[in-house]
Amino acid sequence: MSKTSTNTGEIIVQLSPAPMFFPTTGAQLRNHHLARQLARIRPVYSLTFAADAPVRAPHKDAGMEHQAIPRPTGHKVRALLGGAFGAKPYSILHYTTQPMRDALESVLRTRKVAAVQIEAIQLCGYASFIRQVSPLTAIVLDWHNVESKLVARFAETTANPAKRLYARRTADQLRRLEKSMLQLCDLHLVVSNRERDELAALNPQAAIRVIDNGVDAEQFEGADGEIGSRPDIIFVGSMDYYANEDAVRYFVAEIWPKIRSVFPQAVFRIVGRKPGAAVQALAATPGVVVTGTVDDVRPYYQRARAVVVPLRVGGGTRLKILEAFAAGTPVVSTGLGAEGLTASEGHDYLRAESPDEFVECVRRLYEDDSQWRKLSSAGRELAVSRYAWPAIGRDLQEAYRETLGIVPLSEAAIDNASCTRT
């Protein structure tokens with residue numbers, strides 16, 4: 001796609017693995033807010049999977065159109081077997097289905113599509129199909145993580161030999177796929193400079209732009225509370241994600257007993273959706289509360305003396321750290337947990353790698369009100385100045401303009417294009 005040409009397509013299709021109307025996970029939050037920013041460029045047609053969703057005509061909502069596609073019964077088992085014995089990894093096969101292919105083809109053939117933005121490598125099974133059906137449509141890949149690296153880290157840490165073997169195979173499959181996508185797609189969005197450099201090393205000719213994760217800073221404004229009314233330590237994240245489960249189990253086993261010995265009234269709240277049996281069992285530990293899904297995370301930030309991020313595996317950047325910053329709640333994190341964020345250790349957050357370092361950082365936040373306030377203020381300032389979604393949206397507009405020749409339409413043009421059928 002020439003930088004000097006103008007793409008005259010009327011809509012942008014966002015292809016995502018899960019609905020983002022009421023986002024509860026980090027990935028859904030990114031997809032939701034990027035869709036809102038994309039809608040400033042062109043009307044957005046959202047194609048997404050949803051559990052047990054009926055195939056239905058899309059409906060318009062706030063300048064967007066949505067269509068949810070169900071995943072066929074039994075597809076997961078076939079995908080697992082294909083990942084074990086075939087060339088493509090399970091995560092790709094799991095999300096590549098005929099109903100979604102049919103829905104995508106219908107949109108591509110009946111609408112003037114400027115670009116399809118694919119949310120995460122898991123949906124790359126459709127990239128060649130898009131190119132075949134609509135050769136002039138730009139393909140944008142939003143890399144939420146460098147997935148091969150994440151899976152390789154899992155292989156290094158899991159104690160289960162079968163899972164380790166499967167993860168190593170999957171990581172190899174993903175590396176090959178990632179290299180092919182760097183050649184096929186017109187624009188690549190990554191969440192950090194580190195991941196941009198990693199992908200550029202694989203393909204220096206690929207168009208790669210950093211579009212940070214962000215936070216709705218206004219949503220958390222005023223949720224800072226008084227220090228004295230903050231007795232809790234919290235972890236926030238989707239608990240059906242392996243890296244998060246590993247983090248809280250490690251924290252409760254290795255760190256929490258030492259914190260409780262110093263602060264016996266402290267409470268550790270694990271706030272996140274779909275906690276499995278292993279996480280739910282942590283609630284039997286004195287002082288540990290497992291909330292499961294909550295309607296609003298802001299009250300938990302408001303009661304927290306600290307947010308802990310004891311991640312040992314994972315990738316991307318942590319939207320929940322950005323939420324904590326926006327809420328004015330100090331963060332104690334491993335270097336991996338804060339990886340990819342433009343945040344200064346000691347100024348914006350406290351870094352801890354060992355159990356004793358976590359205990360010492362938490363102790364300082366309980367006992368040193370001055371440092372607590374400095375970290376609270378610095379985190380909030382960083383969230384507002386660097387990571388608010390409108391600023392990130394401007395970076396996204398620039399990437400679409402410079403790389404794809406897609407310039408923002410006026411509001412009237414966007415409204416007209418939303419109603420156009422061809």
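1. A residue is termed buried under 20% relative accessible area, exposed over 50% and partly exposed in between (1.4 Å probe, protein chains only). On that basis, 55% of the 422 residues of the protein chain are buried.

2. The model is predicted: local features need pLDDT of at least 70, side-chain atom pairs count only at pLDDT 80 or more, and totals for chains, interfaces and linings use all residues. Residues are numbered from 1 along each chain as its sequence is written, and side-chain values use heavy atoms, with hydrogens and water left out.

3. Rings of Phe, Tyr and Trp (its six-membered ring) pair if their centres lie within 6.5 Å; planes under 30 degrees apart are stacked, over 60 edge-to-face, and the rest tilted. In one of them, Phe220 and Tyr301 have ring centres 5.9 Å apart and planes at 75°, so the pair is edge-to-face. Phe220 belongs to helix α9 (residues 217-220) and Tyr301 to helix α12 (residues 298-302), so that distant parts of the chain, 81 residues apart, are linked; helices here are DSSP runs (H or I, at least four residues), numbered from the N terminus. Phe220 and Tyr301 are both buried.

4. For Phe251 and Trp256 the centres are 6.4 Å apart and the planes at 35°, so this pair is tilted.

5. Arg101 lies over the face of Phe129 at 4.9 Å from the ring centre, and Arg312 over that of Tyr250 at 4.4 Å.

Note on methods:
Helix = DSSP H or I, 4+ residues; strand = E, 2+ residues; numbered from the N terminus. Lys NZ or Arg CZ within 6 Å of the ring centre and 35° of its normal.
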